[in-house]
Amino acid sequence: MRTNPPHYYKNYKSNLSRSPKKTIPVIKYNKEEISEQRINVKNFKHKNNLLEFRKKKHPIGQKIIVYGQVTNLKGEGLKNIIIEIWQANASGKYRDINDKHDAPLDPYFQGYGITLTDRNGNYKFFTIMPGAYPWQNHKSAWRPKHIHFSLLDTNFFSRLCTQMYFPDDILLKNDPIFMAVPSKFRNKLIAKYNNEHNNTPNFITYNFDITMP
Ligand SMILES: [Fe+2]
């Protein structure tokens with residue numbers, strides 16, 4: 001079952017020149033190789049609160065909580081998965097010198113965080129709703145609001161990069177990165193609004209579960 005987008009997707013301009021044209025070989029590892037080396041997470045420093053870039057100062061934007069469970073293909077929760085998160089600020093601007101969007105940086109928002117899943121595979125972080133931003137892919141192209149995720153297993157062998165989107169975003173249907181994903185799996189990339197059990201005032205909560213290959 002193919003859930004990933006193809007390497008070559010003609011509506012996504014910048015991937016045309018960098019996507020591989022030859023078949024990618026599959027490298028097989030034996031069990032010993034996979035279990036021998038592991039990243040030691042004993043002294044791992046979490047930064048799952050993206051609102052703490054400059055303490056006591058609040059970034060601009062709607063505060064949100066994102067939580068979910070990381071599982072394998074059998075549905076089992078995966079512990080100690082390193083999750084990196086990065087995103088634009090509320091006006092759709094990254095803290096990146098290559099970002100040419102004519103929008104302000106927020107002095108109180110860095111847009112980067114890192115966390116670990118717990119023993120049941122659960123994670124949670126605090127941030128603000130990212131803004132949409134224009135890009136040069138096609139005429140009037142705007143990327144929908146999204147948060148970037150990179151997940152790495154402590155054995156180095158499993159890595160997943162993905163993006164989380166928000167419900168009812170009118171920009172999704174024109175976004176080639178989102179549309180490159182096979183249609184029956186696109187909903188998996190959209191977080192679910194879920195504020196029913198949220199006891200943290202002033203935050204909207206979204207659920208985003210992730211399956212690692
Ligand atoms: Fe982005």
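Asn-49 sits in the loop between α1 (31-36) and β1. In this predicted model, Asn-49 is partly exposed, because 13 other C-beta atoms lie within 10 Å, a count between the limits of 12 or fewer for exposed and 20 or more for buried. Leaving aside residues up to four places away in sequence, Asn-49 touches Phe-125 and Phe-126. Asn-49 and Thr-162 are 113 residues apart in sequence, and their C-alpha atoms are 20 Å apart in space.

**Overall architecture**

- The protein has two helices and 11 strands.
- Read from the N terminus, the order of elements is α-β-β-β-β-β-β-β-β-α-β-β-β.
- The radius of gyration is 18 Å, close to the 17 Å that the globule rule gives for 213 residues, so the protein is as compact as a globular protein of that length.
- Taken along the principal axes, the C-alpha atoms fill a box of roughly 50 × 40 × 35 Å.
- Of the 213 residues, 22% count as buried.
- Among contacts with a separation of 6 or more, 68% come from residues 24 or more positions apart.

**The four-stranded sheet**

- Four strands form an open sheet in the order β3-β2-β7-β8, with antiparallel pairing.
- The edge strands of this sheet are β3 (112-116) and β8, and each of them pairs on one side only.
- On average, neighbouring strands of the sheet are turned by 20° against each other, direction ignored.

- Strand β7 (residues 146-152) pairs with strand β8 (residues 159-165) in the antiparallel sense, over seven bridges.
- Leu-152 has Arg-159 of β8 as its bridge partner, and Ile-147 has Met-164 of β8.
- Six residues lie between the two strands of this hairpin, and Phe-156 in the turn has a positive phi of about 70°.
- Ser-158 is also in the loop between β7 and β8.
- Ser-158 counts as partly exposed because 15 other C-beta atoms lie within 10 Å.
- The contacts of Ser-158, not counting residues up to four places away in sequence, are Asp-153, Met-212 and Pro-213.
- Ser-158 and Lys-22 are separated by 136 residues in sequence and by 23 Å in space, C-alpha to C-alpha.

- With 16 other C-beta atoms within 10 Å, Gln-163 is partly exposed.
- Beyond residues up to four places away in sequence, Gln-163 touches His-146, Ile-147, His-148, Phe-149, Ile-177 and Leu-189.
- Gln-163 and Trp-86 are 77 residues apart in sequence, with C-alpha atoms 9.7 Å apart in space.

**The largest nonpolar core**

- In soluble globular proteins, nonpolar side chains tend to be buried together.
- The largest nonpolar core here has 26 residues, of which Val-66, Met-164, Tyr-165, Ala-191 and Phe-208 touch the most other members.
- The elements giving two or more residues to this core are β1 (63-71), β2 (82-86), β4 (122-128), β7, β8 and α2 (176-179).
- Val-66 touches Phe-125, Thr-127, Ile-147, Ala-191, Tyr-206 and Phe-208, again not counting residues up to four places away in sequence.
- Two of these contacts of Val-66, Ala-191 and Phe-208, are also among the core residues that touch the most other members.
- Met-164, one of the core residues with the most contacts to other members, is the bridge partner of Ile-147.

**Positive phi in loops**

- Ser-140 lies in the loop between β5 (133-134) and β6 (142-143).
- Although Ser-140 is not a glycine, its phi is positive, at about 55°.
- Ser-140 is exposed, because 7 other C-beta atoms lie within 10 Å and the cut-off for exposed is 12 or fewer.
- Asp-168 is in the loop between β8 and α2.
- Asp-168 likewise is not a glycine and has a positive phi of about 60°.
- Asp-168 counts as exposed, with 7 C-beta neighbours inside 10 Å.

Conventions
Residues numbered from 1 in each chain as written. Predicted model: local features only at pLDDT ≥ 70, side-chain atom pairs only at ≥ 80, totals over all residues. Pairing = 2+ DSSP bridges. Contact = placed C-beta atoms within 7 Å. Core = buried A, V, L, I, M, F, W, Y, C linked by C-beta atoms within 7 Å. Axes fitted to C-alpha atoms, helices over the stretch in contact; angles between N-to-C directions. Rg over C-alpha atoms; globule rule 2.2 N^0.38 Å.
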